[in-house]
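Let's take a walk through this structure, starting with the overall fold and ending at one residue.

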Amino acid sequence: MISIDLFYLLVGLLFAATAILNLRDRANPRRYTTALFWGLYAMLYLLGERLAPLAAGVLMVAMALVAGFGLVRPGRAPLPGETARRASAARLGHKLLIPALAIPVVTMIGSTLLKDVRVDLGGFAGPLLDPKNLTLVSMGCGAMAALALACRVTRATPLQGVREARRLIDAMGWAVVLPHMLAVLGLLFAEAGVGKAVAHVTTAYIGLDSRLLACAVFCIGMALFTIVMGNGFAAFPVIAGGIGIPVLVGVYHANPAVMAAIGMFSAYCGTLLTPMAANFNIVPAALLELPDKNAVIKAQLPTALPVLAVNIALLYFLMYQ
Amino acid sequence: MHTAVNLWPLLGIAVVAAGFLLRANPVLVVIAACAVTGLAAALPPTHILESLGSAFLKTRNLPLILLLPLAAIGLLERAGLKEHAQASIARVRSATAGRLLTVYLLVRELAAAFGLTSLGGHPNMVRPLVAPMAEAAADAAAAKAGGALGEPLRQRIRAMSAATDNVGLFFGEDVFVAFGAIVLMQTILRAEGLEVDPLHMALWGIPTAVSAFVIHAWNLRRLDRRILREAMAAQPRAGHGMQARP
(Lines give C-alpha, C1' and ligand atoms only; values in the text may rest on other atoms or scores of the structure.)
Protein backbone atom coordinates (compact mmCIF):
# COMPACT_ATOMS: atom_id res chain seq x y z
CA MET A 1 0.00 0.00 0.00
CA ILE A 2 1.20 3.52 -0.78
CA SER A 3 0.64 5.23 2.55
CA ILE A 4 1.01 8.79 3.72
CA ASP A 5 4.07 7.81 5.77
CA LEU A 6 6.05 7.52 2.53
CA PHE A 7 5.35 11.20 1.80
CA TYR A 8 6.16 12.26 5.38
CA LEU A 9 9.50 10.58 4.81
CA LEU A 10 10.02 12.38 1.47
CA VAL A 11 9.15 15.77 2.99
CA GLY A 12 11.48 15.01 5.91
CA LEU A 13 14.29 14.28 3.46
CA LEU A 14 13.46 17.46 1.53
CA PHE A 15 13.75 19.54 4.73
CA ALA A 16 16.98 17.73 5.62
CA ALA A 17 18.36 18.61 2.16
CA THR A 18 17.24 22.22 2.70
CA ALA A 19 19.08 22.25 6.04
CA ILE A 20 22.26 20.79 4.55
CA LEU A 21 22.29 23.07 1.48
CA ASN A 22 21.79 26.07 3.77
CA LEU A 23 24.53 24.92 6.14
CA ARG A 24 26.98 24.75 3.22
CA ASP A 25 25.91 28.15 1.90
CA ARG A 26 28.68 30.44 3.14
CA ALA A 27 27.03 33.50 1.61
CA ASN A 28 24.24 33.33 4.21
CA PRO A 29 25.20 35.16 7.43
CA ARG A 30 22.56 33.23 9.35
CA ARG A 31 23.37 29.83 7.89
CA TYR A 32 23.69 27.96 11.22
CA THR A 33 20.34 29.05 12.64
CA THR A 34 18.66 28.69 9.25
CA ALA A 35 19.95 25.13 8.99
CA LEU A 36 18.84 24.49 12.58
CA PHE A 37 15.29 25.59 11.76
CA TRP A 38 14.97 23.28 8.74
CA GLY A 39 16.80 20.50 10.58
CA LEU A 40 14.26 20.63 13.42
CA TYR A 41 11.40 20.56 10.92
CA ALA A 42 13.07 17.59 9.17
CA MET A 43 13.32 15.73 12.49
CA LEU A 44 9.63 16.23 13.20
CA TYR A 45 8.80 14.64 9.85
CA LEU A 46 11.42 11.88 9.85
CA LEU A 47 10.73 10.72 13.41
CA GLY A 48 7.03 11.50 13.41
CA GLU A 49 4.98 9.50 15.87
CA ARG A 50 8.11 7.86 17.29
CA LEU A 51 8.73 11.18 19.05
CA ALA A 52 7.08 11.61 22.44
CA PRO A 53 4.45 14.39 22.24
CA LEU A 54 6.41 16.38 24.83
CA ALA A 55 9.59 16.19 22.71
CA ALA A 56 7.65 17.20 19.59
CA GLY A 57 6.20 20.16 21.50
CA VAL A 58 9.66 21.28 22.61
CA LEU A 59 10.99 20.99 19.03
CA MET A 60 8.06 22.99 17.71
CA VAL A 61 8.55 25.78 20.26
CA ALA A 62 12.28 25.84 19.47
CA MET A 63 11.49 26.20 15.76
CA ALA A 64 9.03 29.00 16.49
CA LEU A 65 11.61 30.87 18.58
CA VAL A 66 14.35 30.53 15.94
CA ALA A 67 11.94 31.80 13.28
CA GLY A 68 10.31 34.42 15.49
CA PHE A 69 13.57 36.16 16.28
CA GLY A 70 14.44 36.55 12.61
CA LEU A 71 17.19 33.93 12.50
CA VAL A 72 15.91 32.18 9.38
CA ARG A 73 17.19 33.77 6.18
CA PRO A 74 17.03 32.59 2.59
CA GLY A 75 20.29 31.37 1.10
CA ARG A 76 21.66 32.08 -2.33
CA ALA A 77 20.01 30.04 -5.05
CA PRO A 78 20.74 31.21 -8.57
CA LEU A 79 18.09 31.08 -11.29
CA PRO A 80 18.96 31.54 -14.98
CA GLY A 81 18.43 35.09 -16.24
CA GLU A 82 15.16 36.29 -17.71
CA THR A 83 16.40 36.16 -21.32
CA ALA A 84 17.45 32.54 -20.88
CA ARG A 85 14.08 31.69 -19.33
CA ARG A 86 12.21 33.44 -22.15
CA ALA A 87 14.22 31.53 -24.75
CA SER A 88 13.54 28.26 -22.95
CA ALA A 89 9.83 29.13 -22.70
CA ALA A 90 9.71 29.86 -26.43
CA ARG A 91 11.49 26.56 -27.20
CA LEU A 92 9.42 24.32 -24.91
CA GLY A 93 6.08 26.14 -25.29
CA HIS A 94 3.01 24.32 -24.07
CA LYS A 95 5.10 21.26 -23.21
CA LEU A 96 5.89 23.12 -19.97
CA LEU A 97 2.26 22.83 -18.93
CA ILE A 98 2.14 19.03 -19.13
CA PRO A 99 4.02 18.29 -15.87
CA ALA A 100 2.15 21.07 -14.06
CA LEU A 101 -1.18 19.62 -15.17
CA ALA A 102 -0.09 16.08 -14.24
CA ILE A 103 -0.54 16.91 -10.54
CA PRO A 104 -4.31 17.61 -10.64
CA VAL A 105 -4.94 14.94 -13.26
CA VAL A 106 -3.21 12.16 -11.31
CA THR A 107 -4.87 13.35 -8.09
CA MET A 108 -8.29 13.14 -9.70
CA ILE A 109 -7.61 9.69 -11.17
CA GLY A 110 -6.25 8.40 -7.88
CA SER A 111 -9.10 9.68 -5.75
CA THR A 112 -11.86 8.51 -8.08
CA LEU A 113 -10.85 5.63 -10.40
CA LEU A 114 -8.21 3.96 -8.23
CA LYS A 115 -10.23 4.40 -5.05
CA ASP A 116 -11.13 0.73 -4.64
CA VAL A 117 -8.21 -0.91 -6.44
CA ARG A 118 -6.60 -3.64 -4.34
CA VAL A 119 -3.22 -5.26 -4.78
CA ASP A 120 -2.16 -8.79 -3.88
CA LEU A 121 1.60 -9.14 -3.88
CA GLY A 122 3.21 -12.10 -2.11
CA GLY A 123 3.21 -11.12 1.53
CA PHE A 124 0.92 -8.12 1.14
CA ALA A 125 -2.70 -7.81 0.18
CA GLY A 126 -4.79 -4.67 0.58
CA PRO A 127 -5.78 -1.39 -1.02
CA LEU A 128 -3.26 0.21 -3.39
CA LEU A 129 -3.73 3.70 -1.95
CA ASP A 130 -4.11 4.51 1.76
CA PRO A 131 -7.93 4.86 1.99
CA LYS A 132 -7.79 7.16 5.03
CA ASN A 133 -5.70 9.75 3.21
CA LEU A 134 -6.77 8.97 -0.32
CA THR A 135 -6.60 12.43 -1.88
CA LEU A 136 -3.33 13.39 -0.25
CA VAL A 137 -1.67 10.15 -1.27
CA SER A 138 -3.03 10.58 -4.80
CA MET A 139 -1.63 14.08 -4.89
CA GLY A 140 1.73 12.84 -3.67
CA CYS A 141 1.78 10.37 -6.55
CA GLY A 142 0.79 13.21 -8.88
CA ALA A 143 3.69 15.32 -7.60
CA MET A 144 6.12 12.44 -8.21
CA ALA A 145 4.73 11.93 -11.71
CA ALA A 146 5.08 15.66 -12.33
CA LEU A 147 8.70 15.57 -11.19
CA ALA A 148 9.45 12.69 -13.56
CA LEU A 149 7.74 14.50 -16.45
CA ALA A 150 9.46 17.78 -15.60
CA CYS A 151 12.84 16.04 -15.63
CA ARG A 152 12.00 14.59 -19.03
CA VAL A 153 10.77 17.84 -20.55
CA THR A 154 13.60 20.00 -19.19
CA ARG A 155 16.31 17.30 -19.30
CA ALA A 156 17.21 17.92 -15.66
CA THR A 157 18.00 15.42 -12.91
CA PRO A 158 15.76 14.78 -9.87
CA LEU A 159 18.61 16.15 -7.76
CA GLN A 160 18.24 19.47 -9.57
CA GLY A 161 14.56 19.22 -8.63
CA VAL A 162 15.56 18.99 -4.96
CA ARG A 163 17.76 22.08 -5.38
CA GLU A 164 14.84 23.96 -6.98
CA ALA A 165 12.53 22.86 -4.16
CA ARG A 166 15.05 24.23 -1.68
CA ARG A 167 15.12 27.54 -3.58
CA LEU A 168 11.33 27.82 -3.28
CA ILE A 169 11.27 26.68 0.36
CA ASP A 170 13.96 29.26 1.14
CA ALA A 171 12.01 31.97 -0.63
CA MET A 172 8.95 31.25 1.51
CA GLY A 173 11.11 30.93 4.61
CA TRP A 174 9.48 30.47 7.99
CA ALA A 175 6.13 31.43 6.45
CA VAL A 176 5.95 27.78 5.33
CA VAL A 177 5.33 26.79 8.92
CA LEU A 178 2.72 29.46 9.68
CA PRO A 179 -0.42 27.64 8.40
CA HIS A 180 0.79 24.52 10.23
CA MET A 181 1.22 26.51 13.47
CA LEU A 182 -2.15 28.23 13.05
CA ALA A 183 -3.74 24.79 12.73
CA VAL A 184 -2.01 23.77 15.98
CA LEU A 185 -3.35 26.92 17.65
CA GLY A 186 -6.80 26.02 16.36
CA LEU A 187 -6.59 22.53 17.87
CA LEU A 188 -5.32 23.95 21.18
CA PHE A 189 -8.21 26.43 21.15
CA ALA A 190 -10.54 23.47 20.74
CA GLU A 191 -8.90 21.62 23.64
CA ALA A 192 -8.90 24.68 25.90
CA GLY A 193 -12.60 25.20 25.19
CA VAL A 194 -12.40 28.44 23.19
CA GLY A 195 -15.12 27.08 20.91
CA LYS A 196 -17.31 26.40 23.94
CA ALA A 197 -16.63 29.89 25.27
CA VAL A 198 -17.50 31.43 21.92
CA ALA A 199 -20.61 29.26 21.66
CA HIS A 200 -21.55 30.23 25.22
CA VAL A 201 -21.16 33.93 24.51
CA THR A 202 -23.11 33.58 21.25
CA THR A 203 -25.96 31.49 22.59
CA ALA A 204 -26.21 33.60 25.74
CA TYR A 205 -26.96 36.67 23.68
CA ILE A 206 -28.62 35.22 20.60
CA GLY A 207 -31.28 32.54 20.65
CA LEU A 208 -30.44 29.97 17.97
CA ASP A 209 -33.88 28.37 17.78
CA SER A 210 -34.53 29.67 14.28
CA ARG A 211 -32.72 27.73 11.55
CA LEU A 212 -32.07 30.85 9.46
CA LEU A 213 -30.62 32.64 12.46
CA ALA A 214 -28.39 29.65 13.25
CA CYS A 215 -27.07 29.65 9.65
CA ALA A 216 -26.48 33.41 9.79
CA VAL A 217 -24.68 33.27 13.15
CA PHE A 218 -22.49 30.41 11.91
CA CYS A 219 -21.45 32.16 8.67
CA ILE A 220 -21.02 35.61 10.21
CA GLY A 221 -19.17 34.07 13.15
CA MET A 222 -16.73 32.39 10.75
CA ALA A 223 -16.13 35.69 8.97
CA LEU A 224 -15.75 37.74 12.17
CA PHE A 225 -13.42 35.23 13.79
CA THR A 226 -11.30 35.17 10.64
CA ILE A 227 -11.14 38.96 10.67
CA VAL A 228 -9.69 38.77 14.18
CA MET A 229 -7.35 35.84 13.54
CA GLY A 230 -6.39 36.75 9.98
CA ASN A 231 -6.74 33.15 8.85
CA GLY A 232 -9.68 30.91 8.12
CA PHE A 233 -7.67 27.90 9.23
CA ALA A 234 -7.69 29.17 12.82
CA ALA A 235 -11.34 30.17 12.75
CA PHE A 236 -12.70 26.94 11.33
CA PRO A 237 -12.09 24.58 14.29
CA VAL A 238 -13.41 27.14 16.77
CA ILE A 239 -16.65 28.09 15.01
CA ALA A 240 -17.31 24.62 13.58
CA GLY A 241 -16.74 23.16 17.06
CA GLY A 242 -18.75 25.89 18.79
CA ILE A 243 -21.74 26.33 16.47
CA GLY A 244 -21.42 24.19 13.32
CA ILE A 245 -21.25 20.75 14.88
CA PRO A 246 -23.37 21.16 18.04
CA VAL A 247 -26.08 23.41 16.57
CA LEU A 248 -26.22 22.92 12.79
CA VAL A 249 -25.33 19.21 12.71
CA GLY A 250 -26.47 18.28 16.22
CA VAL A 251 -29.79 20.15 16.45
CA TYR A 252 -30.74 20.73 12.80
CA HIS A 253 -29.11 17.56 11.31
CA ALA A 254 -27.26 19.47 8.59
CA ASN A 255 -25.03 17.57 6.18
CA PRO A 256 -21.51 18.04 7.67
CA ALA A 257 -19.94 18.35 4.20
CA VAL A 258 -22.21 21.29 3.31
CA MET A 259 -21.66 22.88 6.72
CA ALA A 260 -17.87 22.57 6.36
CA ALA A 261 -17.60 23.75 2.75
CA ILE A 262 -19.84 26.81 3.17
CA GLY A 263 -18.34 27.53 6.59
CA MET A 264 -14.82 27.70 5.18
CA PHE A 265 -15.93 29.96 2.32
CA SER A 266 -17.60 32.25 4.87
CA ALA A 267 -14.27 32.38 6.66
CA TYR A 268 -12.62 33.43 3.38
CA CYS A 269 -15.07 36.36 3.17
CA GLY A 270 -13.48 37.44 6.45
CA THR A 271 -9.98 36.99 5.01
CA LEU A 272 -10.87 39.49 2.27
CA LEU A 273 -11.75 42.07 4.93
CA THR A 274 -8.88 41.98 7.38
CA PRO A 275 -5.48 43.67 7.54
CA MET A 276 -4.38 40.65 9.63
CA ALA A 277 -4.25 38.61 6.43
CA ALA A 278 -1.21 40.66 5.56
CA ASN A 279 0.02 38.48 2.70
CA PHE A 280 -3.18 38.95 0.75
CA ASN A 281 -4.24 42.46 1.67
CA ILE A 282 -1.41 44.61 2.98
CA VAL A 283 1.60 43.26 1.08
CA PRO A 284 -0.07 43.73 -2.35
CA ALA A 285 -0.99 47.32 -1.47
CA ALA A 286 2.70 47.95 -0.84
CA LEU A 287 3.72 46.01 -3.97
CA LEU A 288 1.41 48.11 -6.12
CA GLU A 289 2.60 51.35 -4.47
CA LEU A 290 -0.84 52.34 -3.21
CA PRO A 291 -0.75 55.17 -0.64
CA ASP A 292 -3.82 53.75 1.13
CA LYS A 293 -2.75 50.53 2.91
CA ASN A 294 -6.36 49.36 3.03
CA ALA A 295 -7.12 50.01 -0.65
CA VAL A 296 -7.21 46.29 -1.49
CA ILE A 297 -9.59 45.58 1.41
CA LYS A 298 -11.84 48.42 0.24
CA ALA A 299 -11.85 46.98 -3.28
CA GLN A 300 -12.83 43.59 -1.86
CA LEU A 301 -15.64 44.84 0.38
CA PRO A 302 -18.34 44.89 -2.37
CA THR A 303 -17.49 41.27 -3.18
CA ALA A 304 -17.00 39.87 0.32
CA LEU A 305 -20.27 41.08 1.88
CA PRO A 306 -22.63 39.86 -0.89
CA VAL A 307 -20.79 36.50 -1.02
CA LEU A 308 -21.26 36.17 2.73
CA ALA A 309 -24.99 36.85 2.34
CA VAL A 310 -25.18 34.30 -0.49
CA ASN A 311 -23.42 31.77 1.76
CA ILE A 312 -26.05 32.17 4.46
CA ALA A 313 -28.79 31.57 1.90
CA LEU A 314 -26.94 28.60 0.33
CA LEU A 315 -26.38 27.00 3.73
CA TYR A 316 -30.04 27.49 4.64
CA PHE A 317 -31.31 25.89 1.43
CA LEU A 318 -28.65 23.21 0.89
CA MET A 319 -27.97 21.97 4.43
CA TYR A 320 -30.15 18.87 4.13
CA GLN A 321 -28.69 17.74 0.79
CA MET B 1 -27.99 22.47 31.99
CA HIS B 2 -25.99 25.03 33.94
CA THR B 3 -22.37 23.97 33.71
CA ALA B 4 -19.96 26.85 34.19
CA VAL B 5 -18.09 27.74 31.02
CA ASN B 6 -14.55 29.04 31.42
CA LEU B 7 -14.33 32.26 29.44
CA TRP B 8 -10.63 32.91 30.18
CA PRO B 9 -9.36 30.99 27.11
CA LEU B 10 -10.83 33.82 25.03
CA LEU B 11 -7.69 35.70 26.12
CA GLY B 12 -5.83 33.69 23.48
CA ILE B 13 -7.85 35.46 20.80
CA ALA B 14 -6.99 38.81 22.38
CA VAL B 15 -3.28 37.91 22.23
CA VAL B 16 -3.51 37.14 18.51
CA ALA B 17 -5.36 40.37 17.80
CA ALA B 18 -2.91 42.43 19.85
CA GLY B 19 0.09 40.68 18.29
CA PHE B 20 -1.01 41.48 14.78
CA LEU B 21 -1.91 45.05 15.68
CA LEU B 22 1.61 45.48 17.07
CA ARG B 23 3.01 43.79 13.94
CA ALA B 24 4.95 41.24 15.92
CA ASN B 25 6.35 38.22 14.08
CA PRO B 26 3.32 35.97 13.41
CA VAL B 27 5.09 32.78 14.52
CA LEU B 28 5.90 34.37 17.89
CA VAL B 29 2.32 35.63 18.18
CA VAL B 30 0.97 32.12 17.59
CA ILE B 31 3.29 30.59 20.19
CA ALA B 32 2.40 33.31 22.72
CA ALA B 33 -1.30 32.72 22.05
CA CYS B 34 -0.78 28.98 22.60
CA ALA B 35 0.88 29.65 25.95
CA VAL B 36 -1.77 32.14 27.11
CA THR B 37 -4.65 29.92 26.01
CA GLY B 38 -3.19 26.86 27.71
CA LEU B 39 -2.51 28.71 30.95
CA ALA B 40 -5.94 30.38 30.89
CA ALA B 41 -7.50 26.92 30.61
CA ALA B 42 -5.44 25.95 33.69
CA LEU B 43 -3.41 23.33 31.83
CA PRO B 44 0.02 22.57 33.35
CA PRO B 45 3.00 23.65 31.16
CA THR B 46 4.12 20.11 30.31
CA HIS B 47 0.57 19.29 29.29
CA ILE B 48 0.52 22.36 27.02
CA LEU B 49 3.77 21.24 25.36
CA GLU B 50 2.38 17.73 24.93
CA SER B 51 -0.80 19.11 23.36
CA LEU B 52 1.20 21.30 21.01
CA GLY B 53 3.45 18.41 20.06
CA SER B 54 0.69 15.94 19.35
CA ALA B 55 -1.31 18.60 17.46
CA PHE B 56 1.77 19.39 15.38
CA LEU B 57 2.31 15.72 14.54
CA LYS B 58 -1.40 15.24 13.84
CA THR B 59 -1.44 18.12 11.33
CA ARG B 60 1.77 17.08 9.55
CA ASN B 61 -0.37 16.33 6.49
CA LEU B 62 -1.20 20.05 5.98
CA PRO B 63 2.06 21.30 4.43
CA LEU B 64 2.36 18.27 2.11
CA ILE B 65 0.14 19.93 -0.48
CA LEU B 66 2.41 22.93 -0.52
CA LEU B 67 5.71 21.05 -0.40
CA LEU B 68 5.38 17.99 -2.61
CA PRO B 69 4.89 19.83 -5.93
CA LEU B 70 7.81 22.21 -5.32
CA ALA B 71 10.51 20.13 -7.01
CA ALA B 72 8.52 19.83 -10.24
CA ILE B 73 7.30 23.45 -10.16
CA GLY B 74 10.83 24.70 -9.43
CA LEU B 75 12.24 22.84 -12.43
CA LEU B 76 9.48 24.21 -14.68
CA GLU B 77 10.03 27.72 -13.36
CA ARG B 78 13.71 27.41 -14.22
CA ALA B 79 12.70 26.37 -17.72
CA GLY B 80 10.44 29.41 -18.14
CA LEU B 81 6.94 28.32 -17.05
CA LYS B 82 6.07 31.77 -15.74
CA GLU B 83 7.33 33.49 -18.88
CA HIS B 84 5.25 31.09 -20.95
CA ALA B 85 2.11 31.70 -18.86
CA GLN B 86 2.65 35.47 -19.07
CA ALA B 87 3.08 35.37 -22.83
CA SER B 88 -0.07 33.25 -23.19
CA ILE B 89 -2.17 35.55 -21.01
CA ALA B 90 -0.80 38.65 -22.74
CA ARG B 91 -2.26 37.29 -25.98
CA VAL B 92 -5.77 37.58 -24.46
CA ARG B 93 -6.42 41.07 -25.81
CA SER B 94 -9.44 42.86 -24.46
CA ALA B 95 -10.61 46.43 -24.76
CA THR B 96 -11.45 47.20 -21.13
CA ALA B 97 -9.85 46.85 -17.72
CA GLY B 98 -12.93 45.15 -16.31
CA ARG B 99 -13.11 42.53 -19.07
CA LEU B 100 -9.40 41.82 -18.80
CA LEU B 101 -9.67 41.35 -15.04
CA THR B 102 -12.75 39.15 -15.51
CA VAL B 103 -10.73 36.88 -17.81
CA TYR B 104 -7.94 36.80 -15.23
CA LEU B 105 -10.51 36.03 -12.50
CA LEU B 106 -11.82 33.11 -14.52
CA VAL B 107 -8.36 31.74 -15.33
CA ARG B 108 -7.18 32.20 -11.73
CA GLU B 109 -10.28 30.57 -10.24
CA LEU B 110 -10.20 27.60 -12.63
CA ALA B 111 -6.45 27.10 -12.22
CA ALA B 112 -6.82 27.19 -8.43
CA ALA B 113 -9.72 24.75 -8.65
CA PHE B 114 -7.40 22.37 -10.48
CA GLY B 115 -4.78 22.73 -7.77
CA LEU B 116 -2.52 25.13 -9.67
CA THR B 117 -2.64 27.71 -6.88
CA SER B 118 0.84 28.98 -7.67
CA LEU B 119 -0.08 30.02 -11.24
CA GLY B 120 -0.66 33.56 -10.10
CA GLY B 121 0.01 35.70 -7.09
CA HIS B 122 0.78 39.32 -6.30
CA PRO B 123 4.53 39.51 -6.78
CA ASN B 124 4.78 37.33 -9.87
CA MET B 125 1.59 38.05 -11.82
CA VAL B 126 -0.34 41.06 -10.49
CA ARG B 127 2.45 43.62 -10.16
CA PRO B 128 4.37 42.93 -13.37
CA LEU B 129 1.51 41.93 -15.64
CA VAL B 130 -2.14 42.11 -14.57
CA ALA B 131 -2.21 45.59 -13.01
CA PRO B 132 -0.21 47.29 -15.80
CA MET B 133 -2.36 45.61 -18.45
CA ALA B 134 -5.57 46.68 -16.70
CA GLU B 135 -4.28 50.25 -16.36
CA ALA B 136 -3.26 50.35 -20.01
CA ALA B 137 -6.68 49.09 -21.11
CA ALA B 138 -8.38 51.74 -18.95
CA ASP B 139 -6.11 54.44 -20.36
CA ALA B 140 -7.06 53.43 -23.88
CA ALA B 141 -10.77 53.43 -23.02
CA ALA B 142 -10.52 56.84 -21.36
CA ALA B 143 -8.63 58.28 -24.31
CA LYS B 144 -11.28 56.95 -26.69
CA ALA B 145 -13.94 58.74 -24.63
CA GLY B 146 -11.93 61.93 -24.89
CA GLY B 147 -10.75 62.09 -21.27
CA ALA B 148 -7.99 60.87 -19.01
CA LEU B 149 -7.70 58.75 -15.88
CA GLY B 150 -7.46 60.52 -12.56
CA GLU B 151 -4.99 59.30 -9.95
CA PRO B 152 -7.64 57.92 -7.49
CA LEU B 153 -9.19 55.84 -10.28
CA ARG B 154 -5.76 54.59 -11.33
CA GLN B 155 -5.18 53.40 -7.77
CA ARG B 156 -8.61 51.83 -7.69
CA ILE B 157 -7.78 49.78 -10.81
CA ARG B 158 -4.55 48.55 -9.24
CA ALA B 159 -6.35 47.64 -6.00
CA MET B 160 -9.00 45.79 -8.02
CA SER B 161 -6.25 43.82 -9.78
CA ALA B 162 -4.93 42.62 -6.42
CA ALA B 163 -8.48 41.93 -5.21
CA THR B 164 -9.23 39.89 -8.32
CA ASP B 165 -6.25 37.64 -7.67
CA ASN B 166 -7.41 37.07 -4.07
CA VAL B 167 -11.03 36.35 -4.99
CA GLY B 168 -10.03 33.94 -7.75
CA LEU B 169 -7.59 32.09 -5.51
CA PHE B 170 -9.81 31.87 -2.42
CA PHE B 171 -12.99 30.72 -4.09
CA GLY B 172 -11.26 28.43 -6.55
CA GLU B 173 -8.94 26.49 -4.33
CA ASP B 174 -11.53 24.87 -2.08
CA VAL B 175 -13.09 23.20 -5.08
CA PHE B 176 -9.98 21.06 -5.49
CA VAL B 177 -10.03 17.97 -3.30
CA ALA B 178 -6.42 17.97 -2.18
CA PHE B 179 -6.22 21.59 -1.14
CA GLY B 180 -5.11 22.32 2.41
CA ALA B 181 -8.40 23.71 3.65
CA ILE B 182 -10.25 20.53 2.66
CA VAL B 183 -7.66 18.38 4.40
CA LEU B 184 -7.84 20.62 7.46
CA MET B 185 -11.63 20.39 7.55
CA GLN B 186 -11.46 16.61 7.26
CA THR B 187 -8.93 16.43 10.11
CA ILE B 188 -11.01 18.68 12.38
CA LEU B 189 -14.29 16.89 11.67
CA ARG B 190 -12.62 13.50 12.18
CA ALA B 191 -11.41 14.67 15.61
CA GLU B 192 -15.07 15.48 16.41
CA GLY B 193 -16.19 12.04 15.30
CA LEU B 194 -17.59 13.01 11.89
CA GLU B 195 -16.20 11.16 8.87
CA VAL B 196 -16.73 13.27 5.74
CA ASP B 197 -15.70 12.52 2.17
CA PRO B 198 -13.37 15.32 0.88
CA LEU B 199 -14.99 15.01 -2.56
CA HIS B 200 -18.35 16.02 -1.05
CA MET B 201 -16.83 19.07 0.62
CA ALA B 202 -15.21 20.10 -2.67
CA LEU B 203 -18.55 19.60 -4.45
CA TRP B 204 -20.54 21.71 -1.98
CA GLY B 205 -18.05 24.51 -2.46
CA ILE B 206 -19.05 24.90 -6.10
CA PRO B 207 -22.26 27.00 -5.59
CA THR B 208 -20.32 29.58 -3.57
CA ALA B 209 -17.44 29.54 -6.05
CA VAL B 210 -19.84 30.32 -8.92
CA SER B 211 -21.60 33.06 -6.90
CA ALA B 212 -18.28 34.68 -6.02
CA PHE B 213 -17.32 34.74 -9.69
CA VAL B 214 -20.62 36.35 -10.71
CA ILE B 215 -20.52 38.93 -7.92
CA HIS B 216 -16.92 39.94 -8.52
CA ALA B 217 -17.42 40.06 -12.30
CA TRP B 218 -20.37 42.38 -11.66
CA ASN B 219 -18.12 44.64 -9.58
CA LEU B 220 -15.57 44.65 -12.39
CA ARG B 221 -18.30 45.75 -14.79
CA ARG B 222 -19.11 48.60 -12.42
CA LEU B 223 -15.42 49.53 -12.51
CA ASP B 224 -15.58 49.77 -16.32
CA ARG B 225 -18.64 52.00 -16.15
CA ARG B 226 -16.91 54.21 -13.58
CA ILE B 227 -13.85 54.54 -15.82
CA LEU B 228 -16.05 55.62 -18.72
CA ARG B 229 -18.07 58.04 -16.57
CA GLU B 230 -15.03 59.72 -15.06
CA ALA B 231 -13.30 59.93 -18.43
CA MET B 232 -16.33 61.74 -19.82
CA ALA B 233 -16.53 64.02 -16.79
CA ALA B 234 -12.83 64.86 -17.00
CA GLN B 235 -13.35 66.82 -20.23
CA PRO B 236 -16.99 67.82 -20.38
CA ARG B 237 -16.42 70.53 -22.96
CA ALA B 238 -14.61 68.15 -25.30
CA GLY B 239 -18.05 66.80 -26.18
CA HIS B 240 -17.86 66.06 -29.88
CA GLY B 241 -14.33 67.26 -30.37
CA MET B 242 -14.33 70.41 -32.49
CA GLN B 243 -16.04 73.00 -30.26
CA ALA B 244 -13.49 72.66 -27.47
CA ARG B 245 -10.69 74.05 -29.59
CA PRO B 246 -9.72 77.55 -28.43
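Helices here are DSSP runs of H or I with at least four residues, and strands are E runs of at least two. Counted that way, chain A has 14 helices and two strands. Keep in mind that this is a predicted model.

Stepping back, the C-alpha trace of chain A spans about 60 × 60 × 50 Å along its principal axes. Of its 321 residues, 55% are buried. If you look at contacts in chain A between residues at least 6 apart in sequence, 69% of them join residues at least 24 apart. The accessible surface of chain A comes to about 13600 Å², with 67% belonging to carbon and sulfur atoms. As for charge, chain A carries 23 positive and 13 negative ones, and their mean positions sit 10 Å apart.

Now over to chain B. An unreviewed UniProt entry places the feature "transmembrane region" at residues 64–81, 167–189 and 201–220 of this chain. In the model, residues 64–81 of chain B are 78% helix and 0% strand, with end C-alpha atoms 22 Å apart. Residues 201–220 of chain B are 95% helix and 0% strand, and there the end C-alpha atoms lie 29 Å apart.

Back in chain A, find Glu164(A) in helix α7, which covers residues 158–172. Why does Glu164(A) count as buried? Because its relative accessibility is 2%, and the cut-off for buried is under 20%. The side chain of Glu164(A) makes polar contacts with the side chains of Gln160(A), at 2.8 Å, and Arg167(A), also at 2.8 Å. Beyond its neighbours within four places in sequence, Glu164(A) touches Leu79(A) as well as Ala71(B), Gly74(B), Leu75(B) and Arg78(B).

Note on methods. Residues numbered from 1 in each chain as written. Chains lettered and ligands numbered in written order. Predicted model: local features only at pLDDT ≥ 70, side-chain atom pairs only at ≥ 80, totals over all residues. Heavy atoms only, no water. Buried < 20%, exposed > 50% of the residue type's maximum accessible area, 1.4 Å probe, protein only. Contact = heavy atoms within 4.5 Å. Areas by Shrake-Rupley, 256 points an atom, 1.4 Å probe, with all protein chains shown as cover. Lys, Arg positive; Asp, Glu negative; His and termini not counted. Charge placed at Lys NZ, Arg CZ, Asp CG, Glu CD. UniProt positions renumbered as here; feature names shortened; annotations may be inferred. Polar contact = N/O pair within 3.5 Å; in protein donor to acceptor, adjacent residues only side chain to side chain.
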